[in-house]
There are 2 protein chains.
Amino acid sequence: MNSAIDFYFDFSSPYGYLASTRIDELAARHGRSVAWRPFLLGAAFKLTGQRALVEQPIRGPYHERDFARSARLLGVPFLLPAKFPFFALAASRAFYWLGDSGQAKALAKAVYHAAFAEGRDVTPVSTVVEIAGSLGIEELERGLDQPEAKARLREATDAAIARGVFGSPFFIVDGEPFWGHDRLAQVERWLETGGW
Amino acid sequence: MNSAIDFYFDFSSPYGYLASTRIDELAARHGRSVAWRPFLLGAAFKLTGQRALVEQPIRGPYHERDFARSARLLGVPFLLPAKFPFFALAASRAFYWLGDSGQAKALAKAVYHAAFAEGRDVTPVSTVVEIAGSLGIEELERGLDQPEAKARLREATDAAIARGVFGSPFFIVDGEPFWGHDRLAQVERWLETGGW
């Protein structure tokens, strides 16, 4: 049986959002599943010395243009939230609180859609709870403050960094790392050919 | 008449080398020429706060792998020089000293090939002069120390940054900016469609 593709992303990453709209379908074409693995990109940035793209002189305006241009090319709706970059703690904790379930992935897709298709501020716990509620996921709020919820996200972030993940999105296919939504064509080719 | 594609690059950029092996042919398919425009990426990094990829923790090993993997996919020879990153001052000055001529582009291709196909150290003036000599370009050495040669490179670098160029390779097609050799498919599509 073929192993899952690991899909690492931060909920505040526009390129992660773009990849999230394609990765499941891409993997399915090659008989693969996808393990969605949100993490806190800021923890990796502390080690690599990076900071959010849009906060960087000269690079920021380019990337704002590129987010929208790349989305148009994919035919995906895109609207950058007024508050950007943001810290997606609530959504990330919620994901792991729900465990490795279809509910967690459904919530992830809905959060990404709210943030980058609708431009909503998804940082408040209440917003994440509301989005979850619209999917029939109840009693989320009580979980998010549990030490267990915090610990799971911390462990997931540490595990991502330990595997060399430093950006969002980041894919690992049979041990081979690929960074960036613009590497999806290479990911697909790797799946087709087993490497080159 | 269609305007030229501006191709900005630093001679020490492996992704610039990869793009250099494809850009002329890609442009020709769409009836375009390419204006090769080397610049000193370090000057842009001072403004954006970036530094060389391989000097960055975690990101460095990934990119060394990605350079070679991307080259294999293109079917292009690749060997990272032992001294890397390097400061390509001599080659950059030589390019502009030769002016906007076929000689300058021929030298650029030969320097890139020496650096990243053969893994040679192209930082010494003597090496650039030797590479130029193998192309029948003589009397280069005397020019490189001229204030005029230094000034042309400085002006080219300032002009690149003034247009928002912050990385290598970087393309501008009819005013539209694209960063990265992994944007070449988008560059080609832009040429085909006039934008999206």
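## The interface at a glance

How much area do chain A and chain B bury between them, and what share of it lies on carbon and sulfur atoms? The pair buries about 3,100 Å², with 54% of it on carbon and sulfur atoms; buried area here is the accessible area (1.4 Å probe) that two parts lose on being put together, summed over both. Chain A brings 33 residues to the contact and chain B brings 33 residues, where contact means heavy atoms within 4.5 Å.

A word on conventions before going further. This is a predicted model, in which local features need pLDDT of at least 70 and side-chain atom pairs count only at pLDDT 80 or more, while totals for chains, interfaces and linings use all residues. Residues are numbered from 1 along each chain as its sequence is written, chains are lettered from A and ligands numbered from 1 in the order in which they are written, and side-chain values use heavy atoms, with hydrogens and water left out.

## How the two copies are related

The same surface serves both of them: 100% of the contact residues of chain A recur in chain B.

## Charges across the interface

Eight salt bridges cross the interface of chain A and chain B, each defined as a side-chain nitrogen of Lys or Arg within 4 Å of a carboxyl oxygen of Asp or Glu. In one salt bridge, the side chains of A:Arg69 and B:Glu176 meet at 2.9 Å, N to O. These two residues also belong to a network of salt bridges that links A:Arg65, A:Asp66, A:Arg69, A:Asp182, B:Glu176 and B:Arg183.

On the side of chain A that touches chain B, the elements giving two or more residues are helix H3 (41–48), helix H4 (59–74), strand E4 (176–179) and helix H10 (184–193); helices (H or I, at least four residues) and strands (E, at least two) are DSSP runs, numbered from the N terminus. H4(A) gives the most, with nine residues. By type, this side divides into 14 nonpolar, nine polar and 10 charged residues, with Ala, Val, Leu, Ile, Met, Phe, Trp, Tyr, Cys and Pro counted as nonpolar, Asp, Glu, Lys and Arg as charged, and the others, Gly among them, as polar.

## Salt bridges within a chain

The whole structure holds 32 salt bridges over all chains. In chain B, B:Arg163 pairs with B:Asp6, the closest N and O atoms being 2.7 Å apart. This pair links distant parts of the chain, 157 residues apart: B:Arg163 sits in the loop between helix H9 (147–162) and strand E3 (170–173), and B:Asp6 in strand E1 (residues 5–9). Is B:Asp6 buried or exposed? At 9% relative accessibility, B:Asp6 counts as buried, whereas B:Arg163 is partly exposed at 39% (buried means under 20% relative accessible area, exposed over 50%, partly exposed in between, with a 1.4 Å probe and protein chains only).

In chain A, A:Glu130 forms a salt bridge with A:Arg120 at 3.4 Å between the closest N and O atoms. A:Glu130 is partly exposed at 49% relative accessibility, and A:Arg120 is partly exposed at 28%.
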